Amino acid sequence: MSKVLVILGELSDRDIDWMLANGSRTTVSPGTTLIVEGKPLDALYIVLDGTLSVTASSLGDKEIGKIICGEVLGEMSFVDGRLPSASVTTIDECLILSIPRRLLTEKLEQDVLFSLRFYRAITKFLSSRLRGTVRRFGEDTDYLIYQDPDDERAIGQSVENPDLAQSRFEWLLQRLKGRRKKEEGRRKKEEGRRKKEEGRRKKEEGRRKKGRWGEGRRKKGRWGDLLN
């Protein structure tokens with residue numbers, strides 16, 4: 001998870017509060033394609049839990065690596081503006097924090113200090129990953145690991161205040177889990193309200209039916225009086 005730690009180590013507490021306020025926590029079911037190769041991205045994604053598979057059409061849709069907790073997806077689109085060069089699909093159920101591209105772009109344009117911290121973090125882990133790639137250059141391998149252990153160690157060395165970054169990530173998860181529990185409680189409360197309203201509606205319908213039945217008896221009684 002060193003990639004997200006680099007970002008959290010660079011950003012301020014206020015920056016993280018902004019990400020939480022403007023991002024949305026989403027539980028993505030297995031087999032969902034989160035990023036489609038060659039199609040524009042509409043958000044920056046932070047993987048909070050789960051595993052995803054990376055495939056490339058140029059290699060016959062062969063899996064070229066896996067993405068795990070702590071990976072950040074879509075950050076390069078804010079650097080070079082190019083379309084994704086690979087597709088990313090969930091392997092199991094994943095918890096994703098997505099920050100809309102439009103909102104993040106506005107934030108980067110309006111908040112100069114946030115922009116400096118954000119791009120500095122991206123520069124750091126891209127530089128570290130490039131160094132790791134150069135070290136492995138020339139190796140004969142059929143499997144290109146998207147997130148290689150060597151890359152993890154190299155990127156980890158770029159994390160300033162790793163303890164602080166780790167505590168921020170844990171705090172981020174706690175905040176999102178707390179929000180999920182709150183949303184679940186709100187859904188249950190709303191469900192209870194709907195059931196109560198449904199019961200009230202059925203009760204009222206029964207009362208109306210009973211009233212119509214009583215009215216029919218009264219009319220029948222009046223008709224019998226006239227016959228007599």
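This report describes the fold, the nonpolar cores, the cysteines, the salt bridges and one surface patch of a protein model.

The model is predicted, so that local features need pLDDT of at least 70 and side-chain atom pairs count only at pLDDT 80 or more, while totals for chains, interfaces and linings use all residues. Residues are numbered from 1 along each chain as its sequence is written, and side-chain values use heavy atoms, with hydrogens and water left out.

## Overall fold

The protein has six helices and eight strands, where helices (H or I, at least four residues) and strands (E, at least two) are DSSP runs numbered from the N terminus. Read from the N terminus, their order is α-α-β-β-β-β-β-β-β-β-α-α-α-α. Of the contacts with a separation of 6 or more, 80% are between residues 24 or more positions apart, a contact being heavy atoms within 4.5 Å.

The accessible surface of the protein is about 14,300 Å², and carbon and sulfur atoms hold 52% of that surface; such areas come from the Shrake-Rupley method with a 1.4 Å probe, and for residues only the protein chains shown count as cover. Among the 228 residues, 37% are buried, where buried means under 20% relative accessible area, exposed means over 50%, and partly exposed lies in between (1.4 Å probe, protein chains only).

## The nonpolar cores

A nonpolar core is a set of buried Ala, Val, Leu, Ile, Met, Phe, Trp, Tyr and Cys residues joined through side-chain atoms within 4.5 Å. The largest one has 29 residues, and those that touch the most other members are L48, L104, F118, F169 and L172. Two or more residues come to this core from each of α1 (2–10), α2 (13–22), β3 (43–49), β8 (94–100), α3 (101–110), α4 and α6 (162–227).

Which residues does L48 contact, leaving aside its neighbours within four places in sequence? They are C69, L95, I96, L97, F169, L172, L173 and L176. One of these partners, I96, lies in strand β8 and counts as buried because its relative accessibility is 1%. Not counting residues up to four places away in sequence, I96 touches S24, R25, T26, V28, L34, Y45, I46, V47 and L48. The C-alpha atoms of I96 and C69 are separated by 9.4 Å, although the two residues are 27 apart along the chain.

In helix α3 stands K107, which is buried because its relative accessible area is 18%. Beyond residues up to four places away in sequence, K107 touches W18 and F114.

## Cysteines

A disulfide is a covalent bond between the sulfur atoms of two cysteines. With the rule that the two sulfur atoms must be within 2.5 Å, a search of the whole structure finds zero disulfides. For C69 the nearest cysteine sulfur is that of C94, 9.9 Å away, and this distance is too far for a bond. At 22% relative accessibility C69 counts as partly exposed, whereas C94, at 1%, counts as buried.

## Salt bridges

A salt bridge is a side-chain nitrogen of Lys or Arg within 4 Å of a carboxyl oxygen of Asp or Glu, and by this rule the count comes to 10. Three of these pairs are set out below.

| Pair | N to O distance |
|---|---|
| R102 and E106 | 3.4 Å |
| R193 and E190 | 2.3 Å |
| E198 and R201 | 2.6 Å |

R102 and E106 are separated by about one helical turn because they are four residues apart in helix α3. At 55% relative accessibility R102 counts as exposed, while E106, at 32%, counts as partly exposed.

In helix α6, R193 and E190 are three residues apart and therefore about one helical turn from each other. R193 counts as partly exposed at 43% relative accessibility, and E190 is partly exposed with 34%. E198 and R201 are also three residues apart in helix α6, so that about one helical turn separates them. Salt bridges that share partners join E204, E205 and R208 into one network.

## A surface patch

Which residues form a nonpolar patch on the surface? M76, V79 and L126 do so, with about 210 Å² of accessible area together. Patches are made of residues with over 30% relative accessible area and no salt bridge, like charges being joined within 9 Å and nonpolar side chains (Val, Leu, Ile, Met, Phe, Trp, Tyr) within 5 Å. L126 belongs to helix α4 (residues 112–135) and, at 30% relative accessibility, counts as partly exposed.
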